[in-house]
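This briefing covers a single protein model.

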Amino acid sequence: MPRMSNVNIAIIGAGMAGLKAASTLHRIGMNVTVFEKSRGLGGRLASRRTDFGHFNHGAQYVTARDPGFNAFLQEATEFNAAQNWSPNLHRGTSAPAQSGAALSPIARHVGNLAEEPWYQGAPQMNKLIRPLVDTFPIQKQHRIVGIEPSGPRSFILHDDLDGTYGPFDGVIVTAPAPQTADLLRPLAPRYAPIDEVVMAPCWAVMAAFESPLPTGFDAMLYPSPEISWAARSSQNDDMFHRRTPDPWVLHASPEWSRQHLEEDKDRVIEKLLAALRDVSGVKLPELHSVQAHRWRYARTELPLGKSHLNGMNGRVIAAGDWCLGARVEAAWRSGRTAAHAMVEALIG
Ligand SMILES: Cc1cc2nc3c(=O)[nH]c(=O)nc-3n(C[C@H](O)[C@H](O)[C@H](O)COP(=O)(O)OP(=O)(O)OC[C@H]3O[C@@H](n4cnc5c(N)ncnc54)[C@H](O)[C@@H]3O)c2cc1C
């Protein structure tokens, strides 16, 4: 077994899966470097700052079934990086009928409703990963475009600005499935099953109203065929109901998002606000501001069905929520198992 302090591992992606893998390997003494294409950390645990607070425009809440992930959420709560959220929830009737073996993400959410407490990052969603961020280097705004073997057991990374990094003894890739497939396909046919994973897009609209939206609810689950989720954002503030502007996040349903994937942002905003007006049955207050974000790969519809996929003598590992499901917990579990698999590959 090599000395841990001589082992260099690259992690691609600083979402929940990548940071869980990075912190696990860092804690046992390996040299870990994380590469992240964005300016911020958290991936789809995303928050957008405005002049009056944050919008959580990606994942809305987190639940735990795995004891290890539950322990993580307790640790994050003690760390003031997470807190409970119990919105006044309206359950709509527009969820699509479940079909096939894989539960739709929405069905999973519905399954959660009665069972587990909900958590959010504190004070906003992207802070949930804070307990995982340690002293290992995180290279932000580095988009990795190639992984090249530089020996039988070592790898060089290339970014989109002609930078090269390494050599690394192992690489864990945690980008959404189609992006991971693009990186790993040239390395070995072994990674072909990633192409079978299906991820749905999601249009998100962030609307701030000049006065509180008079719905009586803080969140609505599948209120209409167009909208799968609508919720007040920044609800971590107890005084929230008296705060204005009143920020709401709308998530278009996977079906609607697919149909309108290439639509202009302004048209998406217009159509989803009209759908909100129809389902809430109230005149929408004046808008303070509004913006839209397109998640091309938002939620897993058909997962890989196992926690990770390894090749190249076990040293190049694919991980992420899409291995196991559509939830933050799936990302955490995949990141943890990928780290353990990397240790096994290095010992072997
Ligand atoms: C709109 C929406 C709503 C959701 N709602 C919920 C919810 O309520 N509850 C729930 O549990 N889950 C929800 N999810 C799913 C949840 O957000 C994900 O399961 C989880 O955050 C995925 O984590 P991850 O680390 O696997 O991937 P990601 O968070 O996507 O992290 C991957 C990271 O890799 C980076 N990256 C990609 N390619 C490269 C590259 N080439 N080089 C460098 N970096 C790269 C990305 O920028 C990203 O930061 C939602 C997701 C979306 C989008």
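Arg49 is exposed, at a relative accessible area of 69%; exposed means over 50%, buried under 20% and partly exposed in between, with a 1.4 Å probe and protein chains only. The model is predicted, so local features need pLDDT of at least 70 and side-chain atom pairs count only at pLDDT 80 or more, while totals for chains, interfaces and linings use all residues. Residues are numbered from 1 along each chain as its sequence is written, and side-chain values use heavy atoms, with hydrogens and water left out.

**Overall form**

- The protein has eight helices and 19 strands; these are DSSP runs numbered from the N terminus, helices being H or I of at least four residues and strands E of at least two.
- For 348 residues, a compact globule would have a radius of gyration near 20 Å, and the protein agrees with this at 20 Å. The radius is taken over C-alpha atoms, and the globule rule is 2.2 Å times the number of residues to the power 0.38.
- Along the principal axes, the C-alpha atoms fill a box of roughly 65 × 40 × 40 Å.
- Buried residues make up 55% of the 348.

**Salt bridges**

- The count comes to 17 salt bridges, each being a side-chain nitrogen of Lys or Arg within 4 Å of a carboxyl oxygen of Asp or Glu.
- Asp66 and Arg336 form one of them, at 3.2 Å from N to O. Asp66 is in the loop between strand 4 (53–56) and helix 2 (67–78) and Arg336 is in helix 8 (residues 328–347), so the pair ties together parts 270 residues apart in sequence. Asp66 is buried at 15% relative accessibility, whereas Arg336 is partly exposed at 25%.
- In the salt bridge between Asp218 and Arg232, the closest N and O atoms are 3.3 Å apart. Asp218 lies in the loop between strand 13 (198–209) and strand 14 (219–221), and Arg232 lies in strand 15 (residues 227–232), so parts 14 residues apart in sequence are tied together. Asp218 is buried, with a relative accessible area of 12%, and Arg232 is buried, at 7%.
- Arg258 and Glu301 meet through their side chains at 2.7 Å, N to O, in a salt bridge. This pair links distant parts of the chain, with Arg258 in helix 5 (residues 254–259) and Glu301 in strand 17 (residues 287–302), 43 residues apart. Arg258 is partly exposed at 39% relative accessibility, and Glu301 is partly exposed at 22%.
- Lys271 belongs to helix 6 (residues 265–280) and is partly exposed, at 27% relative accessible area.
- Between Lys271 and Glu226 the C-alpha to C-alpha distance is 8.8 Å, with 45 residues separating them in sequence.

**Backbone geometry**

- Most residues other than glycine have a negative phi, and most peptide bonds are trans.
- Ala122 and Pro123 are joined by a cis peptide bond with omega about 0 degrees; Pro123 is in the loop between strand 7 (119–121) and strand 8 (138–139).
- Another cis peptide bond joins Gly166 to Pro167, with omega about 5 degrees; Pro167 is in strand 11 (residues 164–168).
- Gln141, not a glycine, has a positive phi near 55 degrees. Gln141 sits in the loop between strand 8 and strand 9 (144–151) and is exposed at 51% relative accessibility.
- Tyr222 also has a positive phi, about 45 degrees, without being a glycine. Tyr222 is in the loop between strand 14 and strand 15 and is buried at 2% relative accessibility.
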